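The tour moves from one selection to the next.

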Amino acid sequence: MDPLQLMQTLDITNYSDKQSDIYLCGIVHSHPLGKAIPSRYDINDAKNQKLKTSYLIYSVPDNELKGYIWIGNHFEEIDISIV
Ligand SMILES: [Zn+2]
């Protein structure tokens, strides 16, 4: 997602507008050619936007889904389960 589009989307969620009834529960995206680990773009976006939210990253080549949370200066992997 382009950064401007991401910011416009965030603006209508409770992340930016506490009165909004659209709840940001995380950011989900795929890495079509890479591992399910945060890329340098993910890290830069999280740093620049100070997004304290969860990230789900799916690796297409590895068919693997991993979860992370940005904790201010780095991503920390979190346990996820699919039900
Ligand atoms: Zn990514």
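In which sense do strand S3 and strand S4 pair, and over how many bridges? Select residues 64-70 for S3 and residues 75-78 for S4: the two strands pair in the antiparallel sense over four bridges. Strands are DSSP runs of E with at least two residues, helices are runs of H or I with at least four, and both are numbered from the N terminus. Two strands pair if DSSP finds at least two bridges between them.

This is a predicted model, in which local features need pLDDT of at least 70, side-chain atom pairs count only at pLDDT 80 or more, and totals for chains, interfaces and linings use all residues. Residues are numbered from 1 along each chain as its sequence is written.

Stay with the hairpin that S3 and S4 form, and select Gly72 in its turn, where phi is positive at about 105 degrees. Four residues lie between the two strands. Now select Trp70, which stands opposite Phe75 in S4.

Zoom out to the whole protein chain, which has two helices and four strands. Along the sequence they follow the pattern α-β-α-β-β-β.

Next, select Asp11 in helix H1, residues 3-11. Asp11 counts as exposed because it has 11 C-beta neighbours inside 10 Å.

Finish by colouring the chain by burial: buried residues make up 10% of its 83 residues.

Definitions and conventions. A residue is buried if 20 or more other C-beta atoms lie within 10 Å of its own, exposed if 12 or fewer, and partly exposed in between; C-beta atoms are placed from the backbone.
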